[in-house]
Structures are given as structure tokens and as C-alpha cells.
Amino acid sequence: TFDEAFERLIGHEGGYVNHPSDPGKATKYGISQRAYPGEDIAGMTLDRAKAIYRRDYWGPAGCDAVPEAIRFDLFDMA
């Protein structure tokens, strides 16, 4: 399910980082300021990150339409 895939993914992504040499700028839960300039990255909640991942990655990648065995890999690649 999306919830299971998200929990697994977040285990790899980590918390807030704002390293000066990172071209993505501030990042939290794998969501970067560069990709989402309108988001409050430092203040991002886990629920907000989950909504972004569902809307912008899980859905558009078609994860619900592929065999369960490859859903996480497709989601992670997206």
C-alpha cells in the first residue's frame, strides 16, 4: 500500500538538512526547497510530506496499477 511504501521510504530520507553546498537547498523528508520553492521546508510536517509524495510521485508513477512486488521500487525511483 502507499502507507507501507511511504513508511519504508521515509526511513531512508531523514530529517531537516540545510547544507550550503547542496544544490537542492534545504531538505526535509526528501522534499527539497529547490523542487518545492513554495513550501516551508523547515516547518514541514510528516503529514504534509506524505501528501506531497502521494500527489506528486505515487499517483503520477501509477504505483497502484503495477504488481505489488514492484510498487515500492517504482515509487522510490519516481
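## Basis of the description

Because the model is predicted, local features require pLDDT of at least 70 and side-chain atom pairs count only at pLDDT 80 or more, whereas totals for chains, interfaces and linings use all residues. Residues are numbered from 1 along each chain as its sequence is written, and side-chain values rest on heavy atoms, with hydrogens and water left out.

Helices (H or I, at least four residues) and strands (E, at least two) are DSSP runs numbered from the N terminus.

## Packing of α2 against α3

Helix α2 spans residues 46-61 and helix α3 spans residues 68-77. Their axes lie 9 Å apart and the helices pack at an angle of about 125°; axes here are lines fitted to C-alpha atoms, for helices over the stretch in contact, and angles run from 0 to 180 degrees between N-to-C directions. This angle makes α2 oblique to α3, on a scale where angles under 35 degrees count as roughly parallel, over 145 as roughly antiparallel, 65 to 115 as roughly perpendicular and the rest as oblique. The crossing of α2 and α3 is right-handed, a term for a near helix turned clockwise from the far one by less than a right angle, with anticlockwise giving left-handed.

On the α2 side the contact (heavy atoms within 4.5 Å) is made by Tyr53, Tyr57, Trp58 and Ala61, and on the α3 side by Arg71, Leu74 and Phe75. The residues of this contact of α2 with α3 comprise 6 nonpolar, no polar and 1 charged. In this classification Ala, Val, Leu, Ile, Met, Phe, Trp, Tyr, Cys and Pro are nonpolar, Asp, Glu, Lys and Arg are charged, and the others, Gly among them, are polar.

Helix α1 covers residues 2-13, and its axis comes within 10 Å of that of α3, the two crossing at roughly 55°. The helices α1 and α3 are therefore oblique to each other, and their crossing is right-handed. Phe2, Ala5, Phe6, Arg8 and Leu9 in α1 meet Phe72, Phe75 and Asp76 in α3. The contact of α1 with α3 divides into 6 nonpolar residues, no polar ones and 2 charged ones.

Between α1 and α2 the axes are 11 Å apart and the packing angle is about 115°, so α1 and α2 are roughly perpendicular to each other. The crossing of α1 and α2 is also right-handed. From α1 the contact draws on Phe2, Asp3, Ala5, Phe6, Leu9, Ile10 and Glu13, and from α2 on Leu46, Ala49, Lys50, Tyr53, Arg54 and Trp58. The residues of the contact of α1 with α2 are 9 nonpolar, no polar and 4 charged.

## Aromatic pairs

The structure holds 7 aromatic pairs. Rings of Phe, Tyr and Trp (its six-membered ring) pair if their centres lie within 6.5 Å; planes under 30 degrees apart count as stacked, over 60 as edge-to-face and the rest as tilted. The ring centres of Phe2 and Phe75 are 5.8 Å apart with planes at 70°, so this pair is edge-to-face. Phe2 belongs to helix α1 and Phe75 to helix α3, so the pair ties together parts that are 73 residues apart in sequence.

Phe2 is buried, with a relative accessible area of 4%, and Phe75 counts as buried at 2%; buried means under 20% relative accessible area, exposed over 50% and partly exposed in between (1.4 Å probe, protein chains only). Ring pairs link Phe2, Phe6, Tyr53, Tyr57, Trp58 and Phe75 into a cluster.

Most residues other than glycine have a negative phi. Tyr29 has a positive phi of about 55° although it is not a glycine. Tyr29 sits in the loop between β1 (27-28) and β2 (31-32) and is buried, at 17% relative accessible area.

Met44, in the loop between β2 and α2, is buried at 3% relative accessibility. The C-alpha atoms of Met44 and Tyr29 are separated by 8.4 Å, the residues being 15 apart along the chain. Leaving aside neighbours within four places in sequence, Met44 is in contact with Lys28, Tyr29, Ile31, Glu39, Ala49 and Ile52. Ile10, in helix α1, is buried at 15% relative accessibility. Not counting residues up to four places away in sequence, Ile10 touches Tyr29, Leu46 and Tyr53.
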